[in-house]
Amino acid sequence: MRRALSTLVPVLKDSIIIFVVYTILGIILTFVSLICTSSSVKIGTLRPILAIPTHEIYLLIGALLICLVSCAVYRRFDFSFLFLPIIFTIMLDLDHLPVILGVAQPIRPAHSIFFLLALILILRFVLKKPLYIEFLAISSFLMHIAIDNGVFALFSPFSFEYYDLGQIRIYLGLLAIMVAVMAGYSKRVLNFQSHMAKEKISQR
Ligand SMILES: [Zn+2]
């Protein structure tokens, strides 16, 4: 635990940068979806106000499940396995912002494969993050979709055809867990590699 605590500050800094980038990306995609769609697909609504806290708790439980699985495979607690799934899972709903502000919008524009793809590319090539962070992003996205119920514009902002994934939610949840396993394993491999590199240096 002392070792995990020593990583708290760097993980916190990293998480804040990822949070800001994720938020900006979500807002950009939401804005693009507003300007490139006709009014016929702007049928997004908010769930009833009283149902929102319960839904957020389910999302938090989904994020904690990813944390639990990835830490179990990593065999250690790591703050990035806690903070990042919470950010990725919960902040995806930022794309409901227009309807909160009373502006007509398409349904869930950031719950899109292209949003996930853009995020992965930014994590990889702009922020240059290790693979386990990309796995956490994918796992959290799948977990969120599995918890949400309804229809998604999966190819937003290029197409606003809506898809109902209700029949495969359970499989999406299982896939999210599998990707969380890959995140934990990837971090383990990364630690092993850096440990071996340090050993080599000390032997010189
Ligand atoms: Zn959602």
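Among contacts in the chain between residues at least 6 apart in sequence, what percentage join residues at least 24 apart? The figure is 80%, where a contact means that two C-beta atoms, placed from the backbone, lie within 7 Å.

## About the model

This is a predicted model, in which local features need pLDDT of at least 70 and side-chain atom pairs count only at pLDDT 80 or more, while totals for chains, interfaces and linings use all residues. Residues are numbered from 1 along each chain as its sequence is written.

## The chain as a whole

Let's start with the secondary structure: the chain has eight helices and two strands. These are DSSP runs numbered from the N terminus, with helices being H or I of at least four residues and strands being E of at least two. Read from the N terminus, the order is α-α-α-α-α-α-α-β-β-α.

The C-alpha trace spans about 70 × 30 × 25 Å along its principal axes. Buried residues account for 33% of the 204.

## A closer look at P98

P98 sits in helix α5, which covers residues 97–100.

Beyond its neighbours within four places in sequence, P98 is in contact with T30, L34, V103 and Q105. P98 and T45 are 53 residues apart in sequence, and their C-alpha atoms are 9.7 Å apart in space.

Technical notes
A residue is buried if 20 or more other C-beta atoms lie within 10 Å of its own, exposed if 12 or fewer, and partly exposed in between; C-beta atoms are placed from the backbone.
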